[in-house]
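Please read it alongside the sequence and the structure shown here.

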Amino acid sequence: SYGDSVQLRLGLGTAYAKEGRVDDAIDQFRLAKKLEPQNPDPLYALASLDEHFGRTAEEKENLEKAVALDPSFVAARNKLGALFLEEGKTAKAEAQFREALRWNPNTEGVLYNLSLILDERGETAGALDLLKKAAALDPDSLHISLALAEHLFASGNTAEARLLLEGILRRDPRNTRALEAMKKLSATSP
(Lines give C-alpha, C1' and ligand atoms only; values in the text may rest on other atoms or scores of the structure.)
Protein backbone atom coordinates (compact mmCIF):
# COMPACT_ATOMS: atom_id res chain seq x y z
CA SER A 1 0.00 0.00 0.00
CA TYR A 2 1.11 3.55 -0.68
CA GLY A 3 2.05 5.89 2.14
CA ASP A 4 -0.22 8.74 3.07
CA SER A 5 1.24 12.24 3.08
CA VAL A 6 0.25 15.84 3.69
CA GLN A 7 1.37 16.83 0.18
CA LEU A 8 -0.80 14.10 -1.34
CA ARG A 9 -3.83 15.28 0.66
CA LEU A 10 -3.18 18.94 -0.17
CA GLY A 11 -2.81 18.07 -3.86
CA LEU A 12 -6.02 16.07 -3.88
CA GLY A 13 -7.83 18.80 -1.98
CA THR A 14 -6.65 21.42 -4.44
CA ALA A 15 -7.74 19.28 -7.38
CA TYR A 16 -11.16 18.76 -5.80
CA ALA A 17 -11.51 22.49 -5.13
CA LYS A 18 -10.73 23.28 -8.79
CA GLU A 19 -13.44 20.81 -9.85
CA GLY A 20 -15.93 22.47 -7.52
CA ARG A 21 -15.99 19.46 -5.17
CA VAL A 22 -15.67 21.67 -2.11
CA ASP A 23 -16.74 19.16 0.54
CA ASP A 24 -14.20 16.65 -0.77
CA ALA A 25 -11.53 19.38 -0.78
CA ILE A 26 -12.32 20.29 2.84
CA ASP A 27 -12.12 16.60 3.82
CA GLN A 28 -8.67 16.29 2.19
CA PHE A 29 -7.36 19.47 3.85
CA ARG A 30 -8.65 18.27 7.23
CA LEU A 31 -7.01 14.88 6.73
CA ALA A 32 -3.74 16.67 5.90
CA LYS A 33 -4.11 18.68 9.11
CA LYS A 34 -4.66 15.48 11.10
CA LEU A 35 -1.56 13.86 9.53
CA GLU A 36 0.67 16.80 10.52
CA PRO A 37 -1.00 19.05 13.11
CA GLN A 38 2.09 21.31 13.22
CA ASN A 39 2.04 21.95 9.44
CA PRO A 40 0.40 25.33 8.63
CA ASP A 41 -0.27 24.51 4.95
CA PRO A 42 -3.57 22.66 5.50
CA LEU A 43 -4.84 25.60 7.58
CA TYR A 44 -3.89 28.01 4.79
CA ALA A 45 -5.68 25.80 2.26
CA LEU A 46 -8.80 25.75 4.46
CA ALA A 47 -8.56 29.54 4.83
CA SER A 48 -8.49 29.91 1.04
CA LEU A 49 -11.74 27.94 0.78
CA ASP A 50 -13.22 30.03 3.60
CA GLU A 51 -12.25 33.17 1.68
CA HIS A 52 -13.89 31.85 -1.49
CA PHE A 53 -17.17 31.31 0.35
CA GLY A 54 -17.03 34.53 2.36
CA ARG A 55 -16.59 32.78 5.71
CA THR A 56 -14.44 35.57 7.14
CA ALA A 57 -14.43 34.45 10.79
CA GLU A 58 -13.31 30.92 9.86
CA GLU A 59 -10.76 32.27 7.37
CA LYS A 60 -9.26 34.55 10.02
CA GLU A 61 -9.15 31.74 12.59
CA ASN A 62 -7.35 29.40 10.17
CA LEU A 63 -4.87 32.11 9.15
CA GLU A 64 -4.14 33.02 12.78
CA LYS A 65 -3.48 29.35 13.57
CA ALA A 66 -1.22 29.03 10.50
CA VAL A 67 0.80 32.11 11.53
CA ALA A 68 1.04 30.80 15.10
CA LEU A 69 2.49 27.53 13.78
CA ASP A 70 4.86 29.30 11.36
CA PRO A 71 5.58 32.98 12.08
CA SER A 72 7.46 33.22 8.75
CA PHE A 73 4.35 32.30 6.69
CA VAL A 74 4.31 35.53 4.67
CA ALA A 75 1.28 34.69 2.48
CA ALA A 76 -0.82 33.88 5.56
CA ARG A 77 0.31 37.10 7.28
CA ASN A 78 -0.58 39.12 4.16
CA LYS A 79 -4.09 37.63 3.95
CA LEU A 80 -4.59 38.07 7.69
CA GLY A 81 -3.44 41.70 7.45
CA ALA A 82 -5.83 42.30 4.55
CA LEU A 83 -8.71 40.93 6.65
CA PHE A 84 -7.77 43.27 9.52
CA LEU A 85 -7.61 46.14 7.02
CA GLU A 86 -11.12 45.34 5.76
CA GLU A 87 -12.34 45.42 9.39
CA GLY A 88 -10.72 48.82 9.94
CA LYS A 89 -8.17 47.35 12.37
CA THR A 90 -5.30 49.29 10.84
CA ALA A 91 -2.78 48.76 13.64
CA LYS A 92 -3.28 44.97 13.58
CA ALA A 93 -3.06 44.97 9.77
CA GLU A 94 0.13 47.02 9.78
CA ALA A 95 1.69 44.70 12.37
CA GLN A 96 1.01 41.69 10.11
CA PHE A 97 2.39 43.45 7.00
CA ARG A 98 5.52 44.68 8.76
CA GLU A 99 6.20 41.26 10.26
CA ALA A 100 5.70 39.66 6.82
CA LEU A 101 8.22 42.10 5.33
CA ARG A 102 10.66 41.26 8.12
CA TRP A 103 10.57 37.66 6.87
CA ASN A 104 10.58 38.60 3.18
CA PRO A 105 11.09 42.26 2.23
CA ASN A 106 10.40 41.47 -1.43
CA THR A 107 6.73 40.50 -1.33
CA GLU A 108 4.86 42.79 -3.71
CA GLY A 109 1.39 42.09 -2.27
CA VAL A 110 2.53 42.99 1.24
CA LEU A 111 4.30 46.14 -0.02
CA TYR A 112 1.11 47.18 -1.83
CA ASN A 113 -1.09 46.53 1.22
CA LEU A 114 1.24 48.46 3.51
CA SER A 115 1.20 51.36 1.02
CA LEU A 116 -2.58 51.58 1.53
CA ILE A 117 -2.05 52.13 5.26
CA LEU A 118 0.66 54.75 4.71
CA ASP A 119 -1.64 56.50 2.23
CA GLU A 120 -4.44 56.53 4.77
CA ARG A 121 -2.08 58.23 7.25
CA GLY A 122 -1.00 60.80 4.69
CA GLU A 123 2.51 59.33 4.35
CA THR A 124 2.42 59.56 0.56
CA ALA A 125 6.21 59.57 0.07
CA GLY A 126 6.51 56.29 2.01
CA ALA A 127 3.57 54.81 0.09
CA LEU A 128 5.17 55.86 -3.22
CA ASP A 129 8.46 54.16 -2.24
CA LEU A 130 6.62 50.92 -1.38
CA LEU A 131 4.67 51.02 -4.65
CA LYS A 132 7.84 51.58 -6.70
CA LYS A 133 9.42 48.53 -5.08
CA ALA A 134 6.22 46.45 -5.53
CA ALA A 135 5.97 47.45 -9.22
CA ALA A 136 9.62 46.54 -9.78
CA LEU A 137 8.96 43.10 -8.26
CA ASP A 138 5.74 42.55 -10.25
CA PRO A 139 5.60 44.81 -13.31
CA ASP A 140 2.64 42.80 -14.70
CA SER A 141 0.34 43.64 -11.79
CA LEU A 142 -2.28 46.08 -13.07
CA HIS A 143 -3.51 47.18 -9.63
CA ILE A 144 0.03 47.90 -8.41
CA SER A 145 0.90 49.77 -11.64
CA LEU A 146 -2.32 51.78 -11.38
CA ALA A 147 -1.68 52.73 -7.77
CA LEU A 148 1.88 53.73 -8.68
CA ALA A 149 0.69 55.82 -11.67
CA GLU A 150 -1.83 57.63 -9.45
CA HIS A 151 0.88 58.35 -6.85
CA LEU A 152 3.33 59.56 -9.47
CA PHE A 153 0.66 61.85 -10.92
CA ALA A 154 -0.23 63.19 -7.46
CA SER A 155 3.44 63.87 -6.72
CA GLY A 156 3.81 65.83 -9.97
CA ASN A 157 5.67 63.18 -11.97
CA THR A 158 3.24 63.27 -14.90
CA ALA A 159 5.65 61.91 -17.52
CA GLU A 160 6.30 58.69 -15.60
CA ALA A 161 2.59 58.41 -14.70
CA ARG A 162 1.63 58.77 -18.37
CA LEU A 163 4.07 56.01 -19.41
CA LEU A 164 2.66 53.64 -16.82
CA LEU A 165 -0.95 54.41 -17.76
CA GLU A 166 -0.20 53.92 -21.46
CA GLY A 167 1.32 50.52 -20.66
CA ILE A 168 -1.73 49.54 -18.58
CA LEU A 169 -4.11 50.62 -21.35
CA ARG A 170 -2.14 48.63 -23.95
CA ARG A 171 -2.76 45.50 -21.86
CA ASP A 172 -6.29 46.42 -20.76
CA PRO A 173 -7.77 49.07 -23.09
CA ARG A 174 -11.07 49.25 -21.19
CA ASN A 175 -9.58 49.64 -17.70
CA THR A 176 -11.91 52.32 -16.35
CA ARG A 177 -9.58 53.37 -13.52
CA ALA A 178 -6.68 53.82 -15.96
CA LEU A 179 -8.88 55.67 -18.47
CA GLU A 180 -10.10 57.99 -15.71
CA ALA A 181 -6.53 58.65 -14.53
CA MET A 182 -5.41 59.33 -18.11
CA LYS A 183 -8.28 61.80 -18.53
CA LYS A 184 -7.19 63.68 -15.36
CA LEU A 185 -3.59 63.63 -16.52
CA SER A 186 -4.49 64.98 -19.97
CA ALA A 187 -6.57 67.76 -18.40
CA THR A 188 -3.58 69.01 -16.41
CA SER A 189 -0.82 68.74 -18.99
CA PRO A 190 -0.69 69.69 -22.70
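## Surroundings of H151

Leaving aside residues up to four places away in sequence, H151 is in contact (heavy atoms within 4.5 Å) with D119, T124, A127, L128 and L131. This is a predicted model, in which local features need pLDDT of at least 70 and side-chain atom pairs count only at pLDDT 80 or more, while totals for chains, interfaces and linings use all residues. Residues are numbered from 1 along each chain as its sequence is written, and side-chain values use heavy atoms, with hydrogens and water left out.

H151 belongs to helix α9, residues 142-154 (helices are DSSP runs of H or I with at least four residues, numbered from the N terminus). With a relative accessible area of 13%, H151 is buried (under 20% relative accessible area, with exposed meaning over 50%, for a 1.4 Å probe and protein chains only). A polar atom of its side chain lies 2.9 Å from the backbone oxygen of A147.

## Helix α4

The buried residues of α4 are E59, K60, N62, L63, A66 and V67. Seen down the axis of α4, they fall within an arc of 165° and so line one face of the helix (the arc being that of the directions from the helix axis to the C-beta atoms). These buried residues pack against α3, α5 and α6, whereas the face turned away from the buried side carries the exposed residues A57 and A68.

## R77 in α5

R77 is placed in helix α5 and counts as buried, at 9% relative accessibility. A polar atom of the R77 side chain lies 2.8 Å from the backbone oxygen of P71. Not counting residues up to four places away in sequence, R77 touches V67, P71, Q96, E99, A100 and W103.

Technical notes:
Helices (H or I, at least four residues) and strands (E, at least two) are DSSP runs, numbered from the N terminus. A polar contact is a pair of N or O atoms within 3.5 Å; within protein, one must be able to donate a hydrogen and the other to accept it, and residues adjacent in sequence count only if both atoms are side-chain atoms.
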